[in-house]
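This briefing covers the charged contacts, a metal site and a pocket in the structure shown below.

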Amino acid sequence: MVRLRKGRTLFSILLLIIVILLIKLISLESPSVSSKLIKKNNTRYTVIIREFESFDNDVVDTTYSVLNVCGDKCQVLVMSDDLIYPPLALPPQAKVIKLNPDILEQPPNLAQLLQHSQYVVLLPDGTRWSSSSQLQDLIVLLENGDSQVVGVGVGGGTLTCHRYNLDLRAWSLSIAPSPHSEACDSVSGRVTLILRTQHLLNLTHPLARPVQVSLGLQGAARGWKVHLTHGMVLGEGRQLFSNEHLQWKRQTLNDERQKGLFHIFGIKKVVRSSQEVEWYGCSRKTPRCFPTVVDDTPDYLYRSRWTPPCCLEGLRATARHVFQSLRACRARWWLEGGSLLGAVRSGDIIPWDYDVDVGIYAADVDRCQQLKSSRWQTVEDQDGYVWQRATEGKFYRVHYSATNHLHVDIFPFTPRDGLMTRGQWPNAHKQDQDFPEHFLRPISTISFAGVMAAAPNNVRDFLELKFGVGVVENPQYPNPAVLAYNNISARTPL
Ligand code: ZN
Ligand code: MG
């Protein structure tokens with residue numbers, strides 16, 4: 001019995017030793033098991049190198065510098081629109097993503113590429129990372145502040161914080177430096193930006209270039225701020241664009257990209273702090289920004305926007321030219337319809353109007369050479385404005401140019417028994433309505449588009465007769481019903 005018990009005890013001890021050994025073995029194994037898990041799930045951030053030029057870059061060394069510091073915690077994506085030529089000798093951990101696929105390729109899926117990353121770091125080419133704590137500090141700033149983006153300078157260059165005043169309805173952007181602020185809409189200078197992956201993915205064009213302008217614009221539209229860190233700077237790599245030609249090449253590409261950005265975001269006028277205006281819309285040499293108007297409702301109203309500022313400029317110039325021409329030939333004319341309404345309200349074109357309307361005594365048409373000859377043929381005058389008889393009815397139309405069809409309409413009226421009459425037209429507009437001639441005796445003047453224009457006297461009565469009582473105080477889109485039908489708010493805040 002004793003022997004048996006002894007044997008059992010020995011067996012138990014052996015079993016215990018085996019179990020302990022097994023546990024030890026497992027616990028020895030476990031760090032590598034968990035590190036594998038970490039490898040898979042703990043790619044906490046993605047470094048995107050997007051802002052670089054294929055003809056002169058430091059992407060390879062930048063990538064190595066990042067990977068040396070972040071190791072398994074990050075992935076590096078080098079993203080370019082097209083094939084990078086010459087190709088880059090990147091480490092295998094870095095991926096090159098070509099954003100514009102060839103005919104047999106799949107477009108890259110950004111959400112999938114970033115699925116394991118909580119944060120995205122947008123790194124300009126030629127950056128050096130020295131420690132992972134730099135990034136941790138930035139993440140802490142992002143997590144603890146109320147900014148959606150955190151920016152840190154690269155190298156010792158100047159960083160400027162900018163305020164973007166984006167007025168989408170007016171297709172306009174004004175940019176002003178805000179040097180003492182830490183909460184910027186955009187930062188110029190070499191800067192690394194970090195943001196939450198989800199925020200980047202929610203952007204309309206997350207990878208558009210120039211990255212800083214693109215993020216600034218889309219951020220400003222969403223009420224984001226960039227927190228610019230002071231007292232921390234990332235290292236700088238090789239000097240890029242070291243000669244004038246390379247600088248020129250880069251600047252030219254950058255300007256083109258910026259122009260592309262303004263185009264996709266519908267920005268046609270940019271005012272910088274110098275007060276100099278940059279135009280990105282139509283000009284006399286290009287077609288106007290909006291197509292032929294249907295149902296009295298130009299396309300931009302369906303986009304919840306108003307007349308593009310370039311078009312307003314073109315309309316004003318054409319109006320001033322027409323006024324001057326009509327004055328020169330001593331015709332009796334006056335501002336009509338919506339244009340007169342705009343003049344009374346604000347001394348200018350109504351902010352969503354698409355043309356300018358003028359009335360003229362029919363008997364005076366032949367006094368003006370341009371009008372007289374345009375009855376038979378289209379006439380381009382010496383200033384490049386194009387006069388023609390409109391096909392839709394008995395009126396004349398003066399175009400901004402042969403290419404840009406922004407225009408002023410001139411409606412002839414004939415006095416008959418004390419009434420100014422147009423005759424009946426199938427699609428008569430408000431400005432086509434008859435009215436008592438006493439409004440033109442005498443003809444008055446009103447400020448419009450930067451000059452004095454001829455106008456009916458008692459202009460408020462005149463407008464209320466044509467458009468209804470209270471028209472001056474109650475702005476309305478020309479055809480609110482079609483907008484309402486398309487679920488566009490016809491509310492006109494003024
Ligand atoms: Zn335009
Ligand atoms: Mg009009």
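This is a predicted model: local features need pLDDT of at least 70, side-chain atom pairs count only at pLDDT 80 or more; totals for chains, interfaces and linings use all residues.

The side chains of Lys-98 and Glu-105 meet in a salt bridge, with N and O 3.2 Å apart.

**Salt bridges**

- Counted over the model, the salt bridges come to 22, and the contact between Lys-98 and Glu-105 is one that joins two side chains.
- Lys-98 also forms a salt bridge with Asp-102, where the closest N and O atoms are 3.2 Å apart.
- Lys-98 has a relative accessibility of 19% and counts as buried, because the cut-off for that class is under 20%.
- Arg-128 and Asp-58 meet through their side chains in a salt bridge, at 2.9 Å from N to O; since Arg-128 belongs to strand β5 (residues 127-128) and Asp-58 to the loop between β1 (45-49) and α2 (59-70), the pair ties together parts that are 70 residues apart in sequence.
- Within that pair, Arg-128 is partly exposed at 22% relative accessibility, whereas Asp-58 is buried at 3%.
- Glu-51, Glu-53, Arg-209 and Arg-257 are linked to one another in a network of salt bridges.

**Magnesium site**

- The magnesium ion (ligand 2) has Asp-355 (OD) and Asp-357 (OD) as its protein donors, and these lie 2.1 to 2.4 Å from the ion.

**Second largest pocket**

- The second largest pocket holds about 790 Å³ of space, and its lining is made up of 30 residues, of which Gly-189, Arg-190, Gln-212, Arg-250 and Asn-254 lie nearest the centre.
- Four elements, β7 (160-167), β10 (186-188), α6 (211-221) and α7 (244-264), each supply at least two residues of the lining of this pocket, and α7 gives the most, with six residues.
- By residue class, the lining of the second largest pocket divides into 11 nonpolar, nine polar and 10 charged residues.

Notes:
Residues are numbered from 1 along each chain as its sequence is written. Chains are lettered from A and ligands numbered from 1 in the order in which they are written. Side-chain values use heavy atoms; hydrogens and water are left out. On a 1 Å grid over the protein atoms alone, a cavity is a set of points where a 1.4 Å probe fits but cannot get out, and a pocket is an open set with protein on both sides within 12 Å along at least five of seven lines; lining residues have an atom within 4 Å of a point. Grid points are joined across faces, edges and corners, and a volume is the space filled by probe spheres set on the points. Ala, Val, Leu, Ile, Met, Phe, Trp, Tyr, Cys and Pro count as nonpolar, Asp, Glu, Lys and Arg as charged, and the others, Gly among them, as polar. Donors are N, O and S atoms within 2.8 Å of the metal (3.2 Å for Na, K and Ca); water is not among the atoms, so sites may look incomplete. A salt bridge is a side-chain nitrogen of Lys or Arg within 4 Å of a carboxyl oxygen of Asp or Glu. Buried means under 20% relative accessible area, exposed over 50%, partly exposed in between (1.4 Å probe, protein chains only).
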